[in-house]
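Please examine the sequence and structure shown here before reading on.

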Amino acid sequence: MSQHIAKPRTTAVILAGGTGQRVGLSIPKQLLKIAGKAVIEHTLTTFENAESIDDVIVLMAPGYVPDIEKIVAKAGFTKVKKIIEGGSTRNETTERAISALGEGLAEGEDRNVLFHDAVRPLLSQRVIDDCVTALERYQAVDVAIPSADTIIVTRTHGEDGEFITEIPDRSRLRRGQTPQAFKLSTIRRAYEVAAGDPNFQATDDCSVVLKYLPDVPIHVVAGDEYNMKVTQPVDVFIADKLFQLASTAAPEQQGEDAYRALLTGKTIVIFGGSYGIGKDIAELAESYGAHVYALGRSTTGTHVENPEEVDDALSKAYAETGRIDYVVNTAGVLRIGRLAETDNATIEEALKVNYLAPVQIARSSYKYLAETKGQLLLYTSSSYTRGRAEYSLYSSTKAAMVNLTQALSDEWAGDGIRVNCINPERTATPMRTKAFGQEPAGTLLSSEAVARTSLDVLLSELTGHVIDVRQQDPTAPAGKASGFEQALASVLDRQDGVA
């Protein structure tokens, strides 16, 4: 009879002891805001959402522990169990972490530990999972990527400056990242041995194992290019832009019974519900027992560009059902043409329908969604990543939807309101047909597919995300692309990506 062996607990240690001197800041760089949140908050969110991580410990720069306590409390991170002041050196900081990790462990008990730089906020779930899986077989694990640059070794000759002494074979060179993962017993033993070396000074933890426990193999997990370290001023700009462009894979589809259980008795208000994606969402939600108010110019005479009509529609839905759980806006107009040749009426219509209307819908929806802890769902286009000739009005307003989503999700987080944005690939809708005519079968997403994903997003806990809806690529491995890889794919694949 085989005995069940419980998996060891896995703890992430966030190393946040650095300062902001290299990026010209008077505060630690991990407290710098990127995409509306402190760098360390993005990092902690990643580990909070990682199924393979049980708990988190933060080692923070001296004097800034209260700042992290406020971030953790506001964000509601349940996995953060300890926030400890780091040491004056990397050695001392890691030793404090090892000591904290050993507290409460039974004799002979071990655990997995992942050390991660707080200023690497773009870490993917795939890398975390690969590290934890590797610890089932190895005692020490590093994360690295191939070097795209040629590495040179130099020597300084007085006032003449530096000269090359060696050019190593690039095919064998890797750029180290974090996390670095260990069995606690292994990293503890490495530091105990290192303590006997009067010249010991660590820059990373794998180097300590390599030098002081040479018989322990260090397995290498593939990192990714997005797992960058915010160190230089330019890194702040790059990381901020990557977060802006990042997209999220659609949530897994619910089963029929789950849809019915989650939607029965809920109220959904859909602006732009006369046809296309909005109409399909309405029909789906209604089939699962939701109270649906599908509003549109051609069906209910609702003009989204008129704030009074938006207010009246929401007020009516609330009066009749006593609640509003979800507000969806799929209304939009597509006007293509050179801006210099576009008349004022066309410009005004595009701005009112594509930008001001969602702003008004959001403002009017707030009080209802705060009551139900509901969600506002907006729509963008893949053209939001870069405006193109003759799409200036459409692309710029769709970019505004992404920024509006990200801003409101942060602004309304304390009220429990979720805000997300759907980014559909080219979709077969009446608006698109009117603009481009009939297109080859199989080249467009169906509006029903986008509607189904929209429903999945509404029923998820996501907030602040841009969710890509793309035609399935049968050659792509499922679940392996990060949000940043999806964003890149969206940019590269962009043609006339209008919904």
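## Strand pairing

Two strands are said to pair if DSSP finds at least two bridges between them. The structure discussed here is a predicted model. Strand S12 (residues 267-271) and strand S14 (residues 326-329) run parallel and are joined by four bridges. Within S14, Val-327 is the bridge partner of Val-269.

## The six-stranded sheet

S12 and S14 belong to an open sheet of six strands, whose order is S13-S12-S14-S15-S16-S19 with parallel pairing. Strand S13 (291-295) and strand S19 (466-469) form the edges, each pairing on one side only. On average, neighbouring strands of this sheet are turned by 20 degrees against each other, direction ignored.

Helix H11 (residues 344-372) lies across S12, S14 and strand S15 (375-379). This helix runs at about 175 degrees to S14.

In soluble globular proteins, nonpolar side chains tend to be buried together. The largest nonpolar core of this model has 32 residues, and those with the most contacts inside it are Ile-14, Ile-40, Leu-44, Val-56 and Val-58. At least two residues of this core come from each of strand S1 (10-16), helix H1 (39-48), strand S4 (55-60), helix H2 (65-75), helix H4 (125-134) and strand S7 (140-146). H4 gives the most, with five residues.

Which residues does Leu-44 touch, not counting those up to four places away in sequence? They are Ile-14, Val-56, Val-58, Val-72, Phe-77 and Val-80. A second, separate core has 29 residues, including Ala-313, Ile-324, Ala-400 and Trp-412.

Conventions:
Residues numbered from 1 in each chain as written. Predicted model: local features only at pLDDT ≥ 70, side-chain atom pairs only at ≥ 80, totals over all residues. Heavy atoms only, no water. Core = buried A, V, L, I, M, F, W, Y, C linked by side-chain atoms within 4.5 Å. Buried < 20%, exposed > 50% of the residue type's maximum accessible area, 1.4 Å probe, protein only. Contact = heavy atoms within 4.5 Å. Axes fitted to C-alpha atoms, helices over the stretch in contact; angles between N-to-C directions.
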